[in-house]
Amino acid sequence: MSKEVESMRAADSDRQQIADQLKAALDVGRLSLHEYDERIGAAYAARTYAELLVLVEDLPRPGLSATEVRAQARKAARRLPTALLVLWTIWGALAAVNVVIYALVAVSITEFVYPWPIWLLVPGVALGAVTVGVQVIRNQKRGD
C-alpha cells in the first residue's frame, strides 16, 4: 500500500475485518490466546491502516492451509529473478532470429554454409551456469 493510504484513518468496519482475520488465525492455531489478546486490543485501538496492517502482516490470507502456504513459498523460491528472466528472453530471441536467418541462407545457397549459430551456445552455456549458481545460492540461503 502507498504511504498516503497507510496514513489514512481506519473505520470500525476495517477494525472488525482485522479482528475477524485474527480470530480465524487463532482458530487454526496460528496465534496463541495471549498473542491474540494483545493483537485484538491493538486492532481496536488502531487509528490508521498502517497500525492495522502491522497486526496481520505475518499471517497468511484467511482460508489458506499450511500446505498451500508452503506450496506458495516453494513456488516463489523456484522462480527465477527478473534479471535472469530478461537475459534468457533476450538470448532466446537472438538465438531464434539467428537460426531462422541461417536456415534461410542455407536453403537459398547450394554450397556449404558454416553453422555460425552454433556460437550462440557459448553465451547460452554461460547464462545457464549463472542461473544454476543463483539457484544454488538461493537454496543455501533458504536452508540456513
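This is a predicted model: local features need pLDDT of at least 70, side-chain atom pairs count only at pLDDT 80 or more; totals for chains, interfaces and linings use all residues.

Reader: Fine. How many helices and strands does the protein chain have?

Author: The protein chain has 7 helices and 0 strands. Helices (H or I, at least four residues) and strands (E, at least two) are DSSP runs, numbered from the N terminus.

Reader: And how much of the protein chain counts as buried?

Author: Of its 144 residues, 22% count as buried. Buried means under 20% relative accessible area, exposed over 50%, and partly exposed in between, with a 1.4 Å probe and protein chains only.

Reader: What share of the contacts is between residues 24 or more positions apart?

Author: Among contacts in the protein chain with a separation of 6 or more, such residues account for 66%. Contact means heavy atoms within 4.5 Å.

Reader: Helix 2 next. What span should its 16 residues have?

Author: At 1.5 Å a residue, helix 2 should span 22 Å, and its end C-alpha atoms are 22 Å apart, which agrees. The expected span is 1.5 Å times one less than the number of residues.

Reader: Which residues of helix 2 are buried?

Author: Asp14, Arg15, Ile18, Ala19, Gln21, Leu22, Ala25 and Leu26. Seen down the axis of helix 2, these buried residues fall within an arc of 160 degrees, so they line one face of the helix. The arc is that of the directions from the helix axis to the C-beta atoms. On the face turned away from the buried side, helix 2 carries the exposed residues Asp12, Ser13, Gln17 and Asp27.

Reader: What do the buried ones pack against?

Author: Helix 3 (33–45) and helix 4.

Reader: At what angle do helix 2 and helix 3 pack?

Author: About 175 degrees, with the axes 9 Å apart. Axes are lines fitted to C-alpha atoms, for helices over the stretch in contact, and angles run from 0 to 180 degrees between N-to-C directions. Helix 2 and helix 3 are therefore roughly antiparallel to each other. Angles under 35 degrees count as roughly parallel, over 145 as roughly antiparallel, 65 to 115 as roughly perpendicular and the rest as oblique.

Reader: Which residues make that contact?

Author: Helix 2 supplies Arg15, Gln16, Ile18, Ala19, Leu22, Lys23 and Leu26, and helix 3 supplies Leu33, Tyr36, Arg39, Ile40, Ala43 and Tyr44. By class that is 9 nonpolar, 1 polar and 3 charged residues. Ala, Val, Leu, Ile, Met, Phe, Trp, Tyr, Cys and Pro count as nonpolar, Asp, Glu, Lys and Arg as charged, and the others, Gly among them, as polar.

Reader: And how do helix 2 and helix 4 pack?

Author: Helix 2 (residues 12–27) and helix 4 (residues 49–56) pack at about 5 degrees, with axes 10 Å apart, and are therefore roughly parallel to each other. In this contact Asp14, Arg15, Ile18, Gln21 and Leu22 of helix 2 meet Tyr49, Leu52, Leu55 and Val56 of helix 4. The classes are 6 nonpolar, 1 polar and 2 charged.

Reader: Which residues of helix 4 are buried?

Author: Leu52, Leu55 and Val56. Their cover includes helix 2 and helix 3.

Reader: Now Arg39: buried or exposed?

Author: Arg39, in helix 3, is buried, with a relative accessible area of 12%. Not counting residues up to four places away in sequence, Arg39 touches Leu22, Leu31, Leu55, Asp58 and Leu59.

Reader: Last one, where does Ile101 lie?

Author: In helix 6 (residues 82–108). Ile101 is partly exposed, with a relative accessible area of 40%.

Technical notes. Residues are numbered from 1 along each chain as its sequence is written. Side-chain values use heavy atoms; hydrogens and water are left out.
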